[in-house]
Amino acid sequence: MSSAHANPFVREIAPYMPGKPISELARELGIDPIDIIKLASNENPLGPSPKVVEALRAGLADLTLYPDGSGFDLRNALMKRWGVKSDEVILGNGSNDVLEMVAAAFLRPGTAAVFSQYAFAVYPLATKARGARGIEVPAVAWGHDLPSMLAAIDEDTRLIFVANPNNPTGTFLSSTAVREFLKEVPREVIVVLDEAYYEYLPEADRSGAEAWIHEFPNLLVVRTFSKAYGLAGLRVGYGIGQAELIDLLNRVRQPFNVGSLGLVAATAALADEEYVQRTQTLNAVEMERLASSLDRLGFPFIPSRGNFITVEVGDAHAVFNALLRQGVIVRPVAGYGMPRHLRVSIGLPEENDRFIAALRAASKEQQ
Ligand SMILES: *Cc1c(COP(=O)(O)O)cnc(C)c1O
């Protein structure tokens with residue numbers, strides 16, 4: 001059998017379940033993809049920035065060449081944006097790639113990583129893929145319990161993953177709470193601070209954690225172009241940390257891990273502040289509108305600081321399927337141990353209206 005000699009810890013992994021693609025549902029329902037809305041993977045509903053599309057067109061000429069393996073232009077732009085040095089930034093094929101690199105550099109059988117209950121699914125996946133032990137700390141009010149995560153660190157612990165805001169719950173930790181936590185974590189334990197939804201936060205709530213790396217040599221800040229910058233399809237993310245830490249990650253990084261179009265698009269996206277501003281405003285307005293609709297309909301939800309909201313719908317499996325039949329794709333979170341909830345990305349106003357109407361119809365169907 002071809003799998004006979006596979007790593008036993010790999011065999012135990014439950015594969016990541018992505019959101020259902022529009023094309024797949026269109027085939028199943030036999031309807032036009034145009035009649036389907038996808039609010040399942042926290043993608044930016046605005047479509048790509050026109051400036052990014054223009055940069056991509058120019059970038060097409062270089063497709064036959066390998067990309068710049070060091071990502072010089074993008075790293076340079078990130079250095080300027082965040083006030084860090086070039087050896088303090090690493091690029092990833094999505095921030096997921098950076099999470100994998102840090103797992104590759106620090107985890108192996110016999111070691112452990114700490115993360116919260118209901119935290120982003122990639123943390124346990126990346127941990128298991130290295131044969132390491134996951135230490136899952138019970139959540140408090142769906143969010144990270146930092147004091148308990150601190151107490152959970154044992155002699156095998158090499159990594160702690162903190163998602164802020166967290167996906168799929170949208171819960172948020174103040175900068176003060178995260179800093180106090182960092183002060184207590186032993187210096188040889190790496191803290192991965194995953195800020196995938198950073199740009200959705202109002203200025204006052206942004207951690208500015210990139211400036212903390214000099215104080216905390218064990219801090220790796222991870223951010224992405226997949227969400228607010230609208231580039232999920234191109235796979236670009238990055239990590240910021242002290243040079244010694246970044247150097248380690250570079251040793252396990254694939255030589256050309258970010259494609260040339262991804263580099264070009266992310267560089268253009270970073271410069272297009274108007275697009276990110278528009279994204280943030282749309283999200284804030286629609287989040288509030290969706291929350292009040294849910295309140296009115298009597299659906300409890302977890303207050304969210306991301307670009308999604310996780311709603312308690314009762315039998316989530318049944319409601320998910322009833323929504324699908326109406327051409328609305330959301331995200332079940334039963335795999336997270338949340339069988340009564342669905343995660344819904346904030347869409348355009350008309351998409352959110354359609355979701356609310358479909359949810360109302362689906363819940364009537366349940367009664
Ligand atoms: C979406 C997400 C990511 C990463 O996505 P990439 O597309 O790989 O950059 C990372 N962390 C969290 C918490 C996320 O929700």
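## Sheet

Two strands pair if DSSP finds at least two bridges between them. Helices (H or I, at least four residues) and strands (E, at least two) are DSSP runs, numbered from the N terminus. This is a predicted model: local features need pLDDT of at least 70, side-chain atom pairs count only at pLDDT 80 or more, and totals for chains, interfaces and linings use all residues. Residues are numbered from 1 along each chain as its sequence is written, and side-chain values use heavy atoms, without hydrogens or water.

An open sheet is built from 7 strands, ordered β2-β8-β7-β6-β5-β3-β4, with mixed pairing. β2 (89-92) and β4 (133-137) are the edges; each has a single partner strand, so one side of each lacks a neighbour in the sheet. From one strand to the next, the twist averages 20 degrees.

## Strand pair and packed helix

β7 (residues 219-224) and β8 (residues 237-240) run antiparallel and share 4 bridges. V221 has I240 as its bridge partner in β8.

Helix α4 (residues 72-82) packs on the sheet and touches β2, β7 and β8. Contact means heavy atoms within 4.5 Å. The direction of α4 makes about 130 degrees with that of β2. Axes are lines fitted to C-alpha atoms, for helices over the stretch in contact; angles run from 0 to 180 degrees between N-to-C directions.

## Nonpolar cores

A nonpolar core is a set of buried Ala, Val, Leu, Ile, Met, Phe, Trp, Tyr and Cys residues joined through side-chain atoms within 4.5 Å. Buried means under 20% relative accessible area (1.4 Å probe, protein chains only). The largest core has 54 residues; L78, I160, V162 and F225 touch the most other members. Helix α10 (residues 260-271) gives the most to this core, 6 residues.

Beyond its neighbours within four places in sequence, F225 contacts residues including L74, L78, Y238 and L270. A second, separate core holds 33 residues, among them L99, F106, V122 and V192.

Notes: Buried means under 20% relative accessible area, exposed over 50%, partly exposed in between (1.4 Å probe, protein chains only).
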